[in-house]
Amino acid sequence: MELIRISNIVKTYQLGAGGLQVLKGVSLSIQPGEMVALMGASGSGKTTLMNILGCLDRPTSGRYFLDGEEISRMSVNQRALVRNEKIGFVFQNFNLLARTTALENVLLPTAYSDAPVSGKTHRQRAADLLKQVGLAERMDHEPSQLSGGQQQRVAIARSLVNNPKLLLADEPTGNLDSRTSEEVLEMFQELNRTKGITILLVTHDANVAAHAQRTIHIRDGLIDGQPPAAEAPPSAVTTTG
Amino acid sequence: MLKLSTTLTTALRALQRNPLRSALTTLGIIIGIAAVIAMVQIGEGSSAAIKQTIANMGANELIIFPGAAASGGVSFGGGSAVTLTSADADAVARDCPSVSAAAPVVNGRMQLVRDSRNWVPQFIAGTTPAYFTIRDWAISQGRMFGNDDVSGANEVCVLGQTVVHQLFPSGKPLGKTILVNQVPLKVIGILQRKGANMMGMDQDDILVMPWTTMKYRVSGTALQNQNQSSAAANNGFSTDQLYPETSQNLYPVPSSVETADLPQPVRFPNVNTIMVSVPTSAQIPQAMKEITSLLRQRHHLRAGEPSDFNIRNLAEISHALGQTSRLMTNLLTGVALISLMVGGVGIMNIMLVSVTERTREIGLRMAIGAKPADILGQFILEAIVLCLFGGALGILLGQAMSSVVKAVLHWPIQLSAPAMVASVAVSVAVGLVFGYYPAWKASRLDPIEALRYE
């Protein structure tokens, strides 16, 4: 069974009198263990699609199944739980908490976890992850004492601490120089290869996309090669808000 | 659902990350609570001092008067019955739980003579040592008379300041003898100055002696309304001077007619009034009830028969006292509320700034799985922790402030445990109330917007 399946996703933003349709009926599926790049120019709807895939936003209509669960019908709290358990986020600007050690930053998602795991186990796991990303010596360093590449590696360790099925990386190399970018991308490839984590790279950079097994291009709210959904099919679930 | 301890840790970490701002934020609460604690302690001290002052004026005193005697339909007016005794006073002090002390008082108005000077004081009281306790009156020189002086009807007396000035212009009255109604009494003590009472009468114009001395040596009857001028006019006359030739039999045997016309006065052991003190003015009604039932029983009054005594209190004063305390408390509560409001608004202000500044952090927390309720809880808890911390420091600071006031200004201070408990509760409440809006705002953020916030 596929990890991600979306069908006929439409997202319309209410702007004044008329609506701005950003996604015009997108359908795609991603298999577990895949490493996929989502490419598109700015304004193509790439970020909107990523927000929906990351369960941060809900589609105006269409259905989204993640790991067999229908996300498009879930409440705010349910989606928060899904994000916590199944998705790891890596951001362009790292989003680490300032004046907080690398270890504490990695532990952050465990604070919102429902899993009956002791704090000690979490700590051990966080320390192991930091070792894996090559920061064993820097666990007590704060973000301001780390280089950009190191900060992004802390962020990757943080995204993995709750054992997610999907790793969502939004322009993960956008703030890094080419050498560190290469290191980070290799780390993603290794995680994908050794742990079988599904990775979705969102980027506008073809060089970054080249590291993925498959690239999905999005343009004007549609995936390249797919016809626009003229009308919403009767089976589509319409959600509001 | 997020565990409380985790949220608490998160909140504490967030506050630690910006210690200076946390400290400055909480300063409002520290000052507010400190002001409340200091105010309440100083206020309660002053309130207690005012109560003490009013009690000195007699608010906690009861006076028992004998009732009216009547003969053949002619009433002799209040106080004319001869039913109150010093044994009644002893019984009241012993058997009424709401009474702290009771003293019998025999009044009189007589001339005092010392050498070439004479004086008629406002008050001459024959009583027991309990009188000084009831009136909260201390001796400034010499000593008070004791219970043995009362039982022995010793010829001793204690003078008020005015009497000392009138009779002893040179001072030093201790150990000297004065004549009271021509009975020599030794001055053994001088009372402290008390000033005028509420009627404007000089309370220092007083002579106090054992009631037995007054009753059995000096005045002879309970109410001696002696005409002073006639007493003065009789002074120095003797039958020897009028009829020098006649040898006088000093103690002639009275004829039966004389005996019938001039009966020997019966010396009742009655007293004019009984003064009673009650620990607090609130106990006055209870004390009056107890005294009434005790005295009715002692005087063998049947149910339905009117009491042969009256009890009077200074109810107006106790009423004023109550109102003064209430006013004081309300005033302090008002001040407390205002200072805490200001502190609370400070907390809200900084929490709002904090929410704006930490928008990205909130976005991140939401992205990695924080529910709106978690964010709400975190920010409210931050505010409560700040307020609690401020409350604790405020209590210490307020304590220090009131100690300084006590040391420097010598104002009375009273420690108030309820005020401290209330301060902590109020701190938490302030954190909850003023932290709620910023926290609610934080929890309503859209994670997508928040993550993109610059």
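**Close-up views of a predicted two-chain model**

**View 1. The contact between chain A and chain B.** In this predicted model, 20 residues from chain A and 19 residues from chain B make up the contact between the two chains. On the side of chain B that touches chain A, at least two residues each come from α1 (4–16), α13 (359–367), α14 (372–409) and α16 (447–452) of chain B. Of the elements of chain B, α13(B) gives the most to this side, with five residues. By residue class, the side of chain B that touches chain A divides into ten nonpolar, six charged and three polar residues.

**View 2. The open four-stranded sheet of chain A.** Four strands of chain A form an open sheet with antiparallel pairing, and their order across the sheet is β2-β1-β4-β5. The edges are taken by β2 (18–30) and β5 (69–70) of chain A, each of which has a single partner strand, so that one side of each is left without a neighbour in the sheet.

**View 3. The pairing of β1 with β4 in chain A.** Strand β1 (residues 4–15) of chain A pairs with strand β4 (residues 61–66) of chain A over five bridges, in the antiparallel sense. Two residue pairs can be picked out along this pairing: Ser7(A) stands opposite Arg63(A) in β4(A), while Arg5(A) has Phe65(A) as its bridge partner in β4(A).

**View 4. The hairpin of β4 and β5 in chain A.** Two bridges join β4(A) and β5(A), which again pair in the antiparallel sense, and Leu66(A) stands opposite Glu69(A) in β5(A). The two strands form a hairpin with two residues between them, and in the turn Asp67(A) has a positive phi of about 55 degrees.

**View 5. The crossing of helices α3 and α11 in chain B.** Two packed helices are described by the angle between their axes and the distance between the axes. For helix α3 (residues 86–95) of chain B and helix α11 (residues 284–298) of chain B, the axes come within 10 Å and cross at roughly 135 degrees. The helices α3(B) and α11(B) are therefore oblique to each other, and their crossing is right-handed. From α3(B), the residues Asp88(B), Ala91(B), Val92(B) and Asp95(B) meet Ile291(B), Leu294(B), Leu295(B) and Arg298(B) in α11(B). The residues of this contact of α3(B) with α11(B) divide into five nonpolar and three charged, with no polar residue.

Terms used:
Residues numbered from 1 in each chain as written. Chains lettered and ligands numbered in written order. Predicted model: local features only at pLDDT ≥ 70, side-chain atom pairs only at ≥ 80, totals over all residues. Contact = placed C-beta atoms within 7 Å. Nonpolar A, V, L, I, M, F, W, Y, C, P; charged D, E, K, R; others polar. Pairing = 2+ DSSP bridges. Axes fitted to C-alpha atoms, helices over the stretch in contact; angles between N-to-C directions. Parallel < 35°, antiparallel > 145°, perpendicular 65-115°, else oblique. Left-handed = near helix turned anticlockwise from the far one by under 90°.
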